[in-house]
Amino acid sequence: MSRSHSSALGVGSAALTLAASALLLTAPNAAAEPVDFGKGGGKKETGGTNETGIYAAARIQYSGSVAKGGGTGNVTSSDVNWTPPPCWYAPYLGAKDFKEKMSKDIERELNTPGMGGTAGSAIGEKKRHYEDNYGWTDTPGYKDYNVENDGKGMFWAGVENPNEPDYLKRTSCTDLPFWVENGDAPPPQYEEAISPEILAALAYQHMQLPDTKVTLAPEADTKVNLPTWAWLDKAVFDEVQATAALNVPGFNIQATTTARPVSLKLEPGTKDAETYPASGECVINADKSIGEPYAKGKADKTPPCGIRYLRSSGDGTYKLRATITWDIDWTGTGGAGGDLPNGTFGNEQAVTVQEIQAVNR
C-alpha cells in the first residue's frame, strides 16, 4: 500500500486534522531565554510532559531576535521561489494518550450517521492499522496502539504552519500519525518530518531585524544640488540571531539562524535625484560600517554613500527608503548547517529638500 493510500485511509476522518488544535504553533514573543509557544493550556512544560505525566504536543520554542505578538518577522527573502515550510510532522503523543485520543475519534466516526461505503471502509482500515497490526509497504501496523511501548517513543502527526496563507499547502501533511522510538530518526518516507533545517527556516520566518534608519547629513532638511551623506555605524548595526528548538522525550533538536548586513540600498523617493554610488547600493566597509560619516570640510566632496536631490520637495517631503540586504545562514544540531536566501528589510524616512535662496544686494 502506498503513502497515497495511507492518506486515503483518513478521508472524512478527524485523524487527518487531529494535530490542528493541539499542534498549531503560534509565532513567538521575543525573549532572551527560550519560551513555550503553542495553542492550548498555559502550563509550563518540561521535556515534553506536564505535571500529569501526559506527553504534550511538541512545541517549538523561539529565542533571540524574533517577532512579537504571534506574527512573522520582517525579513523578506530575496529568492521569490523560497518559502518557509507550510507544514511538517512532529512528535504528538505517547502511546497511551494517543490511544485515548484516536480510539475515541475512530468510534465517533464509525457511529456518524451515513458514514458508509468508501469512507466507512477507510475508517475501518484505520482502526485495524492501530489495533490489529494492519500495515503496508514501509508502514508497519500497531497492536493496541503500541501501548506496550509507552514511554519509549511517541506518535508523530502533521502540524500546520499558522503563518502559511495557502490553505491547501498548510493542510498538506495528511499522513496518518506514525510511531518513532526515542533516539531514532523518523522513517525516511516522511520528508517533511521536523528537522534542524526546517527549524532554521522557521527561525528565518520569525526573525526580527532592526529598523533601517540611516544617519543623514544634513539630517532632515537638505538643499537642491547639495550632496546628502548617508551612513550606518558599525556599533549600531551588527549581526542578528534567532533560534528555534524542539525538545521532547528522546528528541531534542535546534537551529540558529544568523543574519549579517552586507549592503545598503538607497531609493530617494523621486526620479529627480542622483545616488552615490550610481547604483544606489552602498557596500559594507571592512570595519562593518556602511557609508562614511560626514565631517566638517566635506561639503564639496562626493559622499561614498548618499543622495543629491535635483528638485525641491515643495511643501511636502520625499520618502527616502533605505533597505539593508542581509546574508543569512544557519547552524543546527549534529553539525548541520548551510545558507538561506539573502533577506531584506527597509524603512522610509521623510526628507525635506529646499531651494537654495540667493541673496540680492
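**Entry 1: the model**

I am working from a predicted model.

**Entry 2: disulfide count**

How many disulfides does a search of the whole structure find? I get 2. I then numbered the bonded cysteines in sequence order and read the pairing as 1-2, 3-4.

**Entry 3: C87 and C173**

I looked up C87 and C173. Their sulfur atoms sit 2.0 Å apart, and the two residues form a disulfide. Which hand does this disulfide have? The torsion about the S-S bond is about 80°, so I note the link of C87 and C173 as right-handed.

Next I placed both ends. C87 is in strand β4, residues 87-93. C173 is in the loop between α5 (167-170) and β6 (178-181). The pair therefore ties together parts that are 86 residues apart in sequence.

Are these cysteines buried or exposed? C87 has a relative accessible area of 6%, so I count C87 as buried. For C173 the value is 8%, and C173 is buried too.

**Entry 4: C282 and C305**

I moved on to C282 and C305. A disulfide joins them, with an S to S distance of 2.1 Å. I find 90° about the S-S bond, and this link is right-handed.

Where do the two ends lie? C282 belongs to strand β13, residues 281-283. C305 falls in the loop between β14 (290-291) and β15 (306-309). The pair links distant parts of the chain, 23 residues apart.

I checked burial here as well. C282 has 2% relative accessibility and counts as buried. C305, at 1%, also counts as buried.

**Entry 5: α3 against α4**

I turned to the helices. Helix α3 covers residues 95-110, and helix α4 covers residues 117-131. Their axes come within 10 Å. They cross at roughly 155°. Angles over 145 degrees count as roughly antiparallel, and α3 and α4 are therefore roughly antiparallel to each other. I record the crossing of α3 past α4 as left-handed.

Which residues meet in this contact? From α3 I list F98, M102, I106, E107, E109 and L110. From α4 I list G120, I123, G124, K126, K127 and Y130. I sorted the residues of this contact by class: 6 are nonpolar, 2 are polar and 4 are charged.

**Entry 6: recap**

The disulfide of C87 and C173 is right-handed, and so is the link of C282 and C305. Helices α3 and α4 run roughly antiparallel, with a left-handed crossing.

Key: Residues numbered from 1 in each chain as written. Predicted model: local features only at pLDDT ≥ 70, side-chain atom pairs only at ≥ 80, totals over all residues. Heavy atoms only, no water. Axes fitted to C-alpha atoms, helices over the stretch in contact; angles between N-to-C directions. Helix = DSSP H or I, 4+ residues; strand = E, 2+ residues; numbered from the N terminus. Parallel < 35°, antiparallel > 145°, perpendicular 65-115°, else oblique. Left-handed = near helix turned anticlockwise from the far one by under 90°. Contact = heavy atoms within 4.5 Å. Nonpolar A, V, L, I, M, F, W, Y, C, P; charged D, E, K, R; others polar. Disulfide = S-S within 2.5 Å. Buried < 20%, exposed > 50% of the residue type's maximum accessible area, 1.4 Å probe, protein only.
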